[in-house]
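User: I'd like to learn how to read a structure like this one. Could you walk me through a few features, starting with charged side chains?

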Amino acid sequence: MLTVLSVPELRKSRRSARLGRASRKIEAVASQSATEKSLSVKAVVTVKPSAGGLFSEFGINRGLDDITDLVGKTLLLELVSAELDPKTGQEKGTIKGYAHKKSQNKDVVTYECEFKVGEEFGQVGAILVENEHHKEMHLKDIVLDGFVSGPLSITCNSWVHSKFDNPQKRIFFTNKCYLPAETPSGLRRLREEELVILRGNGKGERKSYERIYDYDVYNDLGNPDSGADKKRPVLGSKEFPYPRRCRTGRPRCKTDPQSESRSGSIYVPRDEEFSTIKELTFSAKAVYSVVHALVPSLETAIVDTDLGFPYFTAIDELFNEGVNLPPLQKQGFFKDLIPRLVKAVTDAAEDVLRFETPETMERDRFFWFSDDEFARQTLAGINPCTIQLVTEWPLKSKLDPKIYGPPESAITTEIIEREIKGFMTVNEAVKQKKLFILDYHDLLLPYVNKVRQLKGTILYGSRTLFFLTPDGTLKPLAIELTRPPTNDGKPQWKEVFTPSWHATGKWLWRLAKAHVLAHDSGYHQLVSHWLRTHCATEPYIIAANRQLSAMHPIYKLLHPHFRYTMEINALARSSLINGEGIIESSFSPGKYSAELSAVAYDKQWQFDLQALPNDLISRGLAVEDPTAPHGLKLAIEDYPFANDGLLLWATIKEWVADYVSHYYPDPSCIVSDQELQSWWTEIRTVGHGDKKDSPGWPDLKTPSDLIHIITTMVWVASGHHAAVNFGQYTYAGYFPSRPTIARTKMPVEDPTEETLKLFWDKPEVTLLMCFPSQIQATKVMAILDVLSNHSPDEEYLGQAPEPAWKEEPVINAAFEVFSGRLKELEGIIDGRNADPKLKNRNGAGVVPYELLKPFSEPGVTGKGVPYSISI
């Protein structure tokens, strides 16, 4: 926290003026002979005030820090020579000096220091910084002016702890990149020691000011000390393989030594936690506001947690009238962060939660009812990476029939050929690649009986079949819902539902769709979104900071793609995927939600399949074809996610190839780069160690290998995350379109007289009872609104280069090409959305597919690809 002089009289006093003059005379001089020439070099340190503002600290430490500023001893700087002393072979002595405060405004505070630098000192390779304040400071950069070659800028963008917390000095290297073997001789020891510091020793509880990166399992989602039902399994074990998260070192639970306690805030390394600097990390703060202020207020306003919506007009009222809330004033800044959601009512003592109408509803208020839209969203919605080609017929489960019942699907050839209506036979459809499936059967079926023991939720294994029509759109053919044999002796139950012209069949089809959409919503949130982006990326970040020096070119390349991810992941562990958090309380799998993502990781996740081309090929949605664009022929030509995604993938790959080729001209550089090899080894054997022996890990022996690995990571953090995240409110904000939970069974499964009568008399009420409750729906809608939101200071892919890229002419030129290609991509996507022949992204009332357009204005826009997973 920064401090300033707050007592004008002090500043005016003779003594403080005398001290101020003295501070300006403090100079740093290295020991040198009288005849040696020296340069006068001025260091200007720019510090960002914390979000609390410059005057937010009071008390004894504040007063002491004021005095430190007065006497000109705020920061101790030490210049480090890049080279060893040629005479002794030892490191040259540093040149020390204290920086004093020069100026301040609401945006920055500047400190200055004068150095005398002798000729013998050579080039400056780094600066050591010691913070003499009692509070941490956020250093933006340090500029050294006075060298013959011009000013030297050192980018910091880092918190510097107080020496009273940790006496260890911070080191900041210049912006120039060096492979380990090319490290200037005077910096080699410091380069290695900095990595040792960042790795820590794996002991003790981490403190908020630390920068230590280490691994741990997901053993902090439950809270067994609050009750046995609050316990959750450890994710990251033989039973439940999982990526690793950042180690916090919090104490273990008293009742379960395998679980970590949930006391206090969750540690993330200090420079990963930017919310007090990034103007709004607006994103993280808004999510925090919804979770910690809005949700508790909703739970106060909606007392009956099981209460559903009595009619569809009651759902519409969420966008018109809203929900009255108890006053939110006590929560202070929370309300200001979510103005889209919470409207203050001037003439009442209440606030109102009123939702903005999603664009899908604005364009067509019946969009959610349509089978066309149901099918289209598998290709152009928020979960477009799950649909697969049907390659075998008949469909058959791989699960053990002794436990789960007969494996044969109830979707027969006769049913499909009836629905295809004479276009072709099923065998012809399979051969011509016309049949596609959303298959949640084998993943969900083992959890059906467990989930059904929970209150207020129902689960089935499900299969949904689609037919590719001659106009390039998908037509839903059939939904199969399966319940395995139950513990009380009921046999397996399964039934197939198809679109129907008859009233009963029509309503059963709508109910079956609601169940499938709940399955798809859960899979989207837990696997396509959380597991494949947030969760899988955290080990890459931890390994990069532990094994790649800040001066390593690959660290500099990856760094913008890793910003803010660990902070948002910690928030997810705290409030979203934790026991009884938003997802468990509002999604079909309930308390098994996170566990289900571990099963998906075990059965489905491979590193190589995170690359978009490989993902498409593995799902049968593409085959390699050297004559086709991007070398892939798509099974569905008008597949918006794949078409736009492959363009973005190719653009990223070209930039990464230019960058890697500059630093690694031949394979020997890759093999001999010990930092790089240690990074990749640690990702495979530790961060994703539960899958170290699984297929899909590429070798790292050539520049081509490295280009593929980095392009995959960048795609996941940018393109894939944008595709599954920023359209959430657009497509699921009106929750009947994508209910997150199905609360009741199909009325034809073991029906009672009462259930059947209600269905016959009031099928609409049966559907509304199946949908999420009022509290579930409004909680999820509020979360989706903030998750879909771009903050005003969002950092978009290719928008601005990193300082180190700008200083290397070849890299800067490559970045300019990259940025230009992304601007071209914007126009290409606009052209596609305007093409009436592309029916999966164009048509009456259809929302155009813009999720992979690189740039966006702030707000919920349904477009924009940030560098990193920052929300």
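User: Which side chain does Glu299 meet in a salt bridge?

Analyst: The general idea: side chains of opposite charge can pair when their charged atoms come close. To count as a salt bridge, a side-chain nitrogen of Lys or Arg must be within 4 Å of a carboxyl oxygen of Asp or Glu. Here, Glu299 meets Lys779, at 3.7 Å from N to O. Glu299 sits in helix α5 (residues 282–301) and Lys779 in helix α27 (residues 774–787), so the pair ties together parts 480 residues apart in sequence. Keep in mind that this is a predicted model, where local features need pLDDT of at least 70 and side-chain atom pairs count only at pLDDT 80 or more, while totals for chains, interfaces and linings use all residues. Residues are numbered from 1 along each chain as its sequence is written, and side-chain values use heavy atoms, leaving out hydrogens and water.

User: What separates Glu193 and Arg189 along their helix?

Analyst: About one helical turn: they're four residues apart in helix α4 (residues 188–199). Helices here are DSSP runs of H or I with at least four residues, strands are runs of E with at least two, and both are numbered from the N terminus. Glu193 and Arg189 form a salt bridge too, at 2.9 Å from N to O. Glu193 is partly exposed at 37%, and Arg189 is partly exposed at 36%.

User: How many salt bridges does the structure hold?

Analyst: It holds 50. Some link up into a network, which joins Asp216, Asp220, Arg245, Arg250, Glu260 and Arg573.

User: Now for sheets. In what order do the five strands of the open sheet come?

Analyst: First, the idea: strands of a sheet pair through backbone hydrogen bonds, either parallel or antiparallel. Two strands count as paired if DSSP finds at least two bridges between them. In this sheet the order is β15-β16-β17-β18-β19, with antiparallel pairing. The edge strands, β15 (388–389) and β19 (493–497), each pair on one side only. Five bridges join β18 (residues 474–483) to β19, and Arg483 has Trp493 in β19 as its bridge partner.

User: Which helix lies across β18 and β19?

Analyst: That's helix α14 (residues 503–547), which also lies across β16 (435–439) and β17 (461–468).

How values were computed: Contact means heavy atoms within 4.5 Å. Axes are lines fitted to C-alpha atoms, for helices over the stretch in contact, and angles run from 0 to 180 degrees between N-to-C directions. Buried means under 20% relative accessible area, exposed over 50%, partly exposed in between (1.4 Å probe, protein chains only).
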